[in-house]
Amino acid sequence: MTSQVRGVQLARLLGQWHSLPGRRRSPDYAALAGAVRGLLADGRLPLGVRLPAERELAQALKISRTTVTAAYRQLRESGHLASRRGAGSWTMLPGNHRVTSSGLWTPQDDVDMIDLGVAALAAPAEL
């Protein structure tokens, strides 16, 4: 069974995506793509979930389908979305990132980073 998010659900998650910081400097499609990447980065939108069709999301957000199409294209180019014509689009992890315990993505080549979400003190000497 495929996990799927409907257009109205994603619109609710996105909230006021068009008024996010830096919005005035970017076109609508870039702001929408950035908002979806933000949802993926903080775990509110899980990996492997099927996103709504472009037309359905456009109706839910009350924007043009062209804007959603361009946002999905940008997400595909950045590696956050995989699509198959007629089958849909699924969220995914970009190739050079990993998921930490906090759900945030970090570059794999950052070997000096310590994930404090799973850090623990050493066992007592008696053990």
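1. Helices here are DSSP runs of H or I with at least four residues, strands are E runs of at least two, and both are numbered from the N terminus. Please keep in mind that this is a predicted model, where local features need pLDDT of at least 70 and side-chain atom pairs count only at pLDDT 80 or more, while totals for chains, interfaces and linings use all residues. Residues are numbered from 1 along each chain as its sequence is written, and side-chain values use heavy atoms, with hydrogens and water left out.

2. How are H2 and H4 placed? Helix H2 (residues 28-41) packs against H4 at an angle of about 50 degrees, and their axes are 8 Å apart. H2 is therefore oblique to H4. Axes are lines fitted to C-alpha atoms, for helices over the stretch in contact, and angles run from 0 to 180 degrees between N-to-C directions. Under 35 degrees counts as roughly parallel, over 145 as roughly antiparallel, 65 to 115 as roughly perpendicular and the rest as oblique.

3. The contact (heavy atoms within 4.5 Å) includes Leu32, Ala33 and Val36 of H2 and Val68, Ala71 and Leu75 of H4. The residues of this H2 and H4 contact divide into nine nonpolar, three polar and two charged. Ala, Val, Leu, Ile, Met, Phe, Trp, Tyr, Cys and Pro count as nonpolar, Asp, Glu, Lys and Arg as charged, and the others, Gly among them, as polar.

4. Next, look at helix H1 (residues 7-14), which packs on H2 at about 85 degrees with the axes 10 Å apart. That angle makes H1 roughly perpendicular to H2. Leu10, Leu13 and Leu14 of H1 meet Leu32, Ala35, Val36 and Leu39 of H2. By class, the contact of H1 with H2 has seven nonpolar, no polar and no charged residues.

5. H3 and H4 pack at about 120 degrees, with 8 Å between their axes. H3 is therefore oblique to H4. Glu54, Arg55, Leu57 and Ala58 in H3 meet Arg65, Val68, Thr69 and Tyr72 in H4. This contact of H3 with H4 has four nonpolar, one polar and three charged residues.

6. Which residues lie nearest the centre of the largest pocket? They are Ala53, Glu54, Gly86, Gly88 and Ser89, out of 19 lining residues. A pocket is an open set of points on a 1 Å grid over the protein atoms alone, where a 1.4 Å probe fits, with protein on both sides within 12 Å along at least five of seven lines; lining residues have an atom within 4 Å of a point. The lining of the largest pocket divides into five nonpolar, five polar and nine charged residues.
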